[in-house]
Amino acid sequence: MPSRPPRTPSDGRPRPGRRPRRTPRALAATAALTVLLAGCAGSGGRAVQPAADAKPLTGGTIVYGHQQEPACVFGGWIEQAYLSTQVLDDLTSLDTDGRAVPWLAQSWQTSADGLTWTFDLKRGVEFTDGTPLTAAAVAYNVDYWMNGGNSTAQVWLGGYYESATALDDHTLQLHLSRPYPRLDVTLAQGYFGIQSQHALETRSAQENCEAPIGSGAFTVDHWDRGQEIVLLKNPDYTSWPANSQHAGPAYVDRIDWRFVSNPTTRVASLRAGETDAIYDVPAVDYAAVGADGFQELKHVTKGRPQQLSFNTVAGPFTDESVRKAFAYSLDRRKLVETIGQGVIPYEGNGAVSRSTPGYSQAAADTYDHDLPKAIALLEAAGWDAVDEEGYRTKDGKRLTVRLPYNSGTIIDADGAAILQGVQQEARAAGFEVDLIPVPPSGFFGGAYSKPAERDIAAGYWTSVTAGILYVNWRQNLEATPNYSNAAFYNDPVLEDLILQANSTADVDAQNALYGRAQEYIADHALSIGLFDRLSTLAVSPRLKGVWQENAQGGPVFHDAHFVD
Amino acid sequence: MTLTSSTDPALDAGLTQAPPSRSAGRTARRVLARVAGAVVVLWGAATVAFLAQVALPGDRATIIFNTRAGQPIERTAEELAAVNAQYGLQHPVLVQYLDYLRGLLHGDLGRSYQQYRPVTQILGEQVGSTIVLTLTAIALAWVVMVVWVTLTAGRGPRTSGLGAALDTVTAALPHYWLGILLLLLFAQRLGWFPVISDGGPVGLVLPALTLAVPLAGFMGQATRTEFERALEQPFVVSARMRGQGDLGVRLRHVLRHSALPAVTLSGWALGATISGVVVVESVFTRRGIGSVLVTAVNSQDLPIVTGVVVLVAALYVVANLVVDLVHHLLDPRLKAS
Amino acid sequence: MSRTEDVLADAGPTTTTRPGREASPADTLAVEKARPRFSVAGLDVGFTRAGTHRRVVSGLSFDLFPGQCVAIVGESGSGKSVTARTLVGLTGAGSTVTAERLQFEGRDVAEFSEREWRRVRGAGIGFVLQDALVSLDPLRPVGAEIDEALRLHGWGSRRSRARKVVDLLTSVGVPSPQLRAGQRSGELSGGLRQRALIASALALDPDVVIADEPTTALDVTVQAQVLDLLAQTKDRGVSILLISHDLSVVARLADLVLVMRGGEVVERGTAQQVLTDPQHEYTKALIAAVPGEHTKGTRLVPPAPGADAAPVPAPRRHEPAPEPLLEARGLVKRFATAGGLRRTAVDGVSFSLHRGRTLGIVGESGSGKSTTARLALALTAPDEGDVTLLGEAWSTVPETRRRARRSSIAVVQQDPLSSFDPRWDVERILLDSLPAGHTGRAARVRELLEQVGLGEEVLPRSPLRLSGGQRQRVAIARALGSEPSILVLDEAVSALDVSVQAQVLDLLADLQERLGLSYLFISHDLGVIHHVSDEVLVMKDGRVVERGTADDVFRRPQEAYTQELVGSLPRLADARPTTGNSTTGETR
Amino acid sequence: MTTTTSAPALPRFRTRAARPWGLHVALLLTAWFAVSALWPGLLAPGDPLELHLDSALAAPGPHHLLGTDEAGRDLYSRIVHGTAPALAIGFGASLVSLALALLLGGLAALAARPVASVVDRVVEVLFSFPSLLLALLLVALLGQSALTEAVAVGVGTAPGYARMIRGQILATKSSPYVEAAVTLGHSRTRILRQHVLPNAVRPLVAVFALSVGQSIVWASSLSFLGLGVAPPSSEWGALLDAGRLYLTHAWWLTIVPGLVIVVLALTATTLGKHLQASLERNDR
């Protein structure tokens with residue numbers, strides 16, 4: 001990495017005379033080309049720091065550069081959750097310690113059997129279409145999710161949820177079939193935003209997709225597809241969450257939520273002052289952006305990290321020792337830390353990320369890089385011959401494993417580079433890893449979703465609790481299919497552990513159970529971790545008060561304000 | 001009032017134009033043939049796009065569902081049935097096709113799977129930006145090409161050689177590479193232009209240049225050949241013999257002749273430029289049908305993809321009509337034949 | 001003596017004059033008292049291309065006096081056109097021009113700047129090139145072209161220029177000039193557009209008009225009109241430098257004729273002197289090579305130096321057999337034009353061709369003669385009428401049945417090069433022409449070559465590397481490959497220089513004699529047709545307007561059109577007797 | 001639709017004989033590319049995929065001639081080893097394109113009226129699809145692989161060539177030498193075999209060279225959009241796409257592969273033009 005000029009102290013005022021006089025353009029272009037080809041570090045723009053005594057302003061427009069453009073504001077995808085949070089309020093919010101705090105629900109209790117949750121709603125809250133927030137409306141929302149309105153909400157509560165009833169205008173009861181003590185935390189995710197019942201019932205699918213009506217700090221003004229969503233401040237906002245930094249409507253008037261898919265362009269736009277904040281700073285730029293005076297926020301999302309799940313029902317990985325050999329063949333830490341520039345955290349645990357409550361370090365440390373051990377395991381498993389290209393064989397069949405991955409959306413560029421490193425390192429042990437990039441269409445079309453089609457599945461799944469284990473490891477049975485079980489691993493022992501944990505009310509006891517489930521997964525080498533999924537933000541120093549909500553790391557602009 | 005026909009044979013011999021009524025009939029026939037041809041192209045394009053999408057791997061309802069949810073998993077039959085019913089995917093392909101054609105006739109391109117909106121509305125929002133970019137690029141390419149060719153063509157081996165070499169080099173520049181270079185240099189390093197190309201005219205400069213430079217090189221190759229050919233024509237000699245200077249000859253006589261192949265190329269270039277637009281919109285984070293298309297192909301949003309295909313085919317038809325018109329303006333000889 | 005190399009593109013050549021001897025008295029023929037408008041002495045022009053220098057004009061000298069016409073005559077490559085361009089400072093890229101004296105209106109042109117040149121061109125010197133179809137910008141109305149000449153020299157206002165354009169067109173005899181001014185050269189007939197071109201050259205009343213092949217590519221009747229127009233111009237006192245390959249064209253107009261070959265003047269003298277009493281062998285051969293009435297039945301090229309120099313009568317042909325080999329009856333062919341109209345290209349043409357005879361078809365462009373040839377060859381089917389070959393149906397049977405019989409009729413086209421597959425060498429071309437199963441193919445190919453007077457060394461060569469005459473000989477050899485009894489010669493000698501044309505015509509006569517061939521000979525050139533034909537058809541607008549023996553048709557034409565045609569034909573005998581009236585021109 | 005706008009596929013080029021150095025450079029580069037494609041080990045002995053995690057994103061220098069990527073893979077080795085896939089796609093696409101074009105163009109020019117006009121319409125419809133759009137559809141249809149990329153680019157560029165071939169055949173069919181062959185009594189098939197097809201196909205040699213360059217550019221465009229050959233293949237377009245993320249920090253990862261693509265395209269163009277010029281010199 002080339003060196004960077006030292007930071008100069010700045011007083012925040014324009015400095016006449018310091019700017020070099022503009023040379024004739026041709027000359028400048030030549031000079032720039034020379035600079036470019038000399039490989040000087042990319043510091044297209046350094047942030048101009050506001051004065052120390054800069055005053056907070058109200059009003060203004062935040063131009064925010066986001067990565068992906070979802071189809072709708074509300075839905076089951078994390079990109080939608082980020083947007084929903086701006087417009088819709090949840091029943092609860094998550095504080096920095098992972099505890100649920102009041103949002104639309106000002107308090108809640110669980111019945112002794114853990115099957116009934118009673119929520120007491122805030123008074124005087126109105127949706128932006130003027131209809132009041134009532135317990136009946138919330139109950140309607142929950143049923144709406146469970147009937148397909150939000151597939152992710154459905155996956156979370158499916159198997160637990162029974163019904164929702166409004167006891168009065170402000171008292172809501174949720175009835176469960178099995179105890180789910182972490183329900184309050186779960187409801188803090190963006191998938192559980194509450195919409196106006198009137199709007200859901202009377203407006204078209206298109207309108208509810210593009211501009212859902214909630215009670216949030218902002219409203220959707222319009223959506224320029226391919227370019228931006230314009231959010232306007234809700235001046236009558238009353239229902240900020242308990243962990244909000246200020247009481248009252250948002251400071252800024254407007255957010256231009258712009259879609260800038262290319263990471264390099266996003267960084268450049270922030271440096272050029274075209275955006276005030278951007279999402280997902282590439283690892284390679286992370287240090288430089290911070291050094292140039294931009295505020296950086298980093299959130300390790302909870303839930304399943306970027307990991308590799310092995311196919312346990314077909315192919316070479318049905319043999320547990322082959323799975324272990326694969327794990328031992330990789331120097332995952334070195335790979336991730338090099339390619340991730342020390343920004344992306346290595347994650348050894350394939351079940352949940354380090355920020356997830358109940359995370360097990362033991363599970364993470366199960367497999368170190370140990371090539372001789374990998375080879376010994378393979379030879380013991382019968383893969384004792386080596387062909388002319390250096391790959392192991394058994395009965396004349398090469399040890400080839402297929403690793404399809406969704407390029408672009410689920411595995412980003414860094415992730416793809418790490419997978420290529422995996423391929424290269426596994427080769428040393430004699431694995432031929434067939435990396436198959438699948439475009440989103442093929443991926444979402446169900447390509448490589450069946451046991452006969454893949455040996456390794458790569459991917460992540462964000463959540464707020466280790467309850468994600470239930471989603472990922474519940475058995476896939478005829479009567480209760482679970483296609484999210486990427487290892488195709490049907491094991492009642494593991495499922496029992498998870499179910500037990502899910503319904504354990506005591507946090508420590510629950511975490512212990514979740515930890516045992518993670519270790520079970522690690523011990524059987526069902527899944528190995530690669531790196532933790534990050535949600536990063538870089539913010540111009542002119543913009544203060546931006547924070548990341550704790551459920552998924554999305555930006556919160558309710559408290560954001562410019563300074564001058 | 002009586003009609004008198006000319007009885008002067010000498011005059012008659014000079015006037016070879018057909019009587020107006022017959023000429024009008026002929027024009028009408030030609031226009032009709034033109035329209036019929038255009039309809040065939042549009043229908044063919046729509047059909048090909050439809051068939052390609054039907055043949056895409058994977059169950060469409062699953063794709064619609066998974067893309068909405070962001071999870072690549074199998075879906076249950078009940079989940080899929082709802083989506084199928086919503087978009088009529090449970091019908092046989094032929095019925096879907098006929099429905100699709102019926103919709104086309106009413107200017108209805110269907111409804112997006114992912115955005116729940118009419119495709120015409122989606123494309124209507126995007127096409128303006130793309131057309132502005134494309135036309136600016138083609139215009140810019142013309143200006144650059146004309147100036148460059150006029151200055152360098154037929155000026156002795158060294159100058160013409162340099163001119164031709166630059167044509168060749170620029171014509172070979174891939175859009176993505178040129179775009180990245182321009183972006184890196186003029187937006188990121190020098191900051192003269194925005195990194196994100198929004199609607200404004202300043203943001204248009206780099207994307208348009210990216211498209212224009214290779215196009216100018218490509219058209220320049222054809223124009224230069226014609227230009228140098230025309231420079232050797234006798235009418236150039238006679239213009240010079242009349243006292244016309246070199247620049248006058250180039251601008252008043254030669255350019256018009258040499259522009260003809262480039263005009264033809266421009267019609268074709270619209271297609272090539274739209275290919276380039278897909279890339280350029282990606283490089284410069286610009287909205288437009290290119291980025292809509294890539295998104296739609298990735299999410300298998302069939303109605304949008306077919307919509308783009310039909311739209312592009314329509315643009316192609318229009319562009320070729322315009323090219324014909326310009327051709328006739330530049331070369332009135334065509335009218336006679 | 002100085003010499004300047006000019007290798008800059010397009011810039012006018014730097015011309016240097018060198019002090020030297022005065023032009024010899026013989027150069028100034030008639031009017032010593034007047035100052036010559038052009039005075040040229042010892043002009044050398046050369047080109048340097050790809051490192052080699054090539055001299056294309058050497059030691060040219062002449063004076064052009066007011067009201068005088070100097071003609072430079074020569075075949076292609078003689079340097080005549082380069083001379084013309086050199087006089088207006090547009091010799092071209094890579095040229096070197098040196099001269100003892102090169103003066104225009106008494107001024108040394110070496111001193112002219114490009115700006116001065118531009119003032120001189122158009123105003124002082126008018127230039128007429130051949131074929132106005134390409135010499136006028138085909139995309140602009142002719143009025144704009146004439147207007148350009150006026151505008152460039154700052155003549156009048158836009159409105160007055162428009163009037164002047166009409167006046168000019170009127171003065172060169174263009175009917176309805178207002179209408180014509182708005183039309184493009186392609187919309188005008190050949191004669192009208194050539195007049196328009198002349199009008200653009202005369203727009204500013206130049207003292208000198210340089211006419212480079214002004215009538216080439218024009219039909220003979222139009223050619224006569226254009227020559228008359230130039231004669232009128234000359235009579236107004238304008239000096240004319242006339243460049244032509246055609247001796248008979250310059251005969252009418254020229255006071256002084258220079259005959260050039262390979263860049264050098266081989267003969268100079270008054271038109272009458274040069275044309276009727278040539279001194280140089282080349283001039284003699286050139287004059288002898290022009291086919292026509294007087295050459296009929298004779299060889300055009302003397303057999304060999306040393307042998308009897310007098311034209312040898314070609315042997316008489318066979319008497320016609322009673323049965324015609326090829327007979328056409330009432331042929332009609334129509335073509336659809338772009339506008340959906342139909343044009344009748346051939347309208348009721350009948351003819352018969354007998355063994356050993358030559359049937360000539362003559363007509364101006366668009367008269368339908370080439371379509372007639374294609375009908376005879378059954379390359380296109382007639383809409384009405386039919387053709388019989390050797391007494392059997394020919395045009396009405398399917399091509400599959402014609403194929404075997406095609407060996408008896410062969411064709412020689414105008415442009416031999418395009419009639420050869422570009423990938424093939426001569427040997428392959430000739431082998432391909434032999435009928436299938438022919439034994440001794442190699443020997444036959446050599447025999448064919450020998451028949452057309454070519455050596456074996458051409459066999460491995462591509463036609464591209466042959467001269468025009470050689471190519472046409474190969475084309476003839478190919479046509480002879482199948483031992484046909486009929487040759488269709490479609491403008492087969494039209495693109496050749498006159499001396500080469502003469503050789504090919506002699507060859508054809510020999511072959512006819514030796515092989516007993518019958519020729520269907522198609523040409524626009526009356527002299528050629530008269531020379532070769534036994535019977536002649538004169539065609540106009542798809543119809544046969546007159547038919548008969550060659551002598552009857554050309555000597556005693558019955559139809560008005562034929563009379564006009566024959567009357568328009570420039571003849572060597574038209575040569576101006578003296579240069580006397582050039583002095584009258586001077587008084588203007 | 002009756003199109004008066006003819007295909008621009010084959011602009012006529014003139015090459016100056018006085019500029020042979022361009023040809024010489026092109027020939028030298030061709031030799032280099034050929035060796036890179038056939039025996040990459042000669043030019044770059046190292047494993048192109050070997051990770052050097054300690055020297056990731058190293059700038060060009062003595063150790064790594066063209067620098068390294070994010071996983072420390074040597075860019076020079078990758079470019080040399082990427083020649084074969086890049087050229088394979090270029091050649092493959094050109095073969096597909098010209099084969100398809102020959103079929104469509106030949107049918108349009110030679111088949112009976114109804115067939116020919118149907119083929120004309122098909123070509124017209126294909127022509128109204130921008131190449132990249134057609135390629136995008138095909139990639140989505142056939143999945144992402146080198147073969148798909150070659151087919152997609154080939155099909156995408158075929159309509160232009162089809163029109164060119166059609167025009168070429170029609171021009172040859174009405175040429176004087178074909179007429180001369182008719183008057184010699186040669187059969188239709190003999191004329192077709194002997195004159196029409198060889199002369200119509202001959203310019204394709206030059207077109208093929210031009211097309212290889214063009215195809216590689218198109219194919220790399222697909223890679224750039226993430227729809228081409230996937231990493232870790234060292235195919236140049238894939239290299240370029242992967243390097244985009246590091247544009248501001250490691251310019252060589254984007255600029256160098258792009259430059260190589262441009263140089264290859266230029267080499268192919270130069271060769272094609274010279275071939276074409278020499279063919280034309282022989283023809284006329």
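Predicted model: local features only at pLDDT ≥ 70, side-chain atom pairs only at ≥ 80, totals over all residues.
Q: Which domains does the assignment give for chain A?
A: The domain assignment gives domain 1, covering 92-197, and domain 2, covering 303-532, in chain A, and the centres of these two domains, taken over C-alpha atoms, are separated by 33 Å.

Q: And how many residues does each one put into the contact?
A: Domain 1 of chain A contributes 15 residues and domain 2 of chain A contributes 16 residues.

Q: What area do the two bury between them?
A: About 1300 Å² is buried between domain 1 and domain 2 of chain A, with 60% of it on carbon and sulfur atoms; on the domain 1 side, Trp156(A), Pro181(A) and Arg182(A) lose the most area to domain 2, together accounting for 41% of what that side buries.

Q: How many salt bridges and polar contacts are there between them?
A: The count between domain 1 and domain 2 of chain A is 0 salt bridges, while 4 residue pairs, both at pLDDT 80 or more, are in polar contact.

Q: Which helices supply the domain 1 side?
A: Helix 4 (151-157) and helix 5 (183-186) of chain A each supply at least two residues of the side that touches domain 2, and the residues of that side divide into 9 nonpolar, 4 polar and 2 charged.

Q: Switching to chain C, is Ser367(C) buried or exposed?
A: Ser367(C) counts as buried because its relative accessibility is 4%, and this residue lies in the loop between strand 15 (358-363) and helix 12 (369-376) of chain C.

Q: What does its side chain reach?
A: The side chain of Ser367(C) reaches the backbone oxygen of Glu364(C) at 2.8 Å; leaving aside neighbours within four places in sequence, the contacts of Ser367(C) include Ala345(C), Met539(C) and Arg543(C).

Terms used: Residues numbered from 1 in each chain as written. Chains lettered and ligands numbered in written order. Heavy atoms only, no water. Domains from an automatic or database assignment. Contact = heavy atoms within 4.5 Å. Buried area = accessible area lost by both parts, 1.4 Å probe. Salt bridge = Lys/Arg side-chain N within 4 Å of Asp/Glu carboxyl O. Polar contact = N/O pair within 3.5 Å; in protein donor to acceptor, adjacent residues only side chain to side chain. Helix = DSSP H or I, 4+ residues; strand = E, 2+ residues; numbered from the N terminus. Nonpolar A, V, L, I, M, F, W, Y, C, P; charged D, E, K, R; others polar. Buried < 20%, exposed > 50% of the residue type's maximum accessible area, 1.4 Å probe, protein only.
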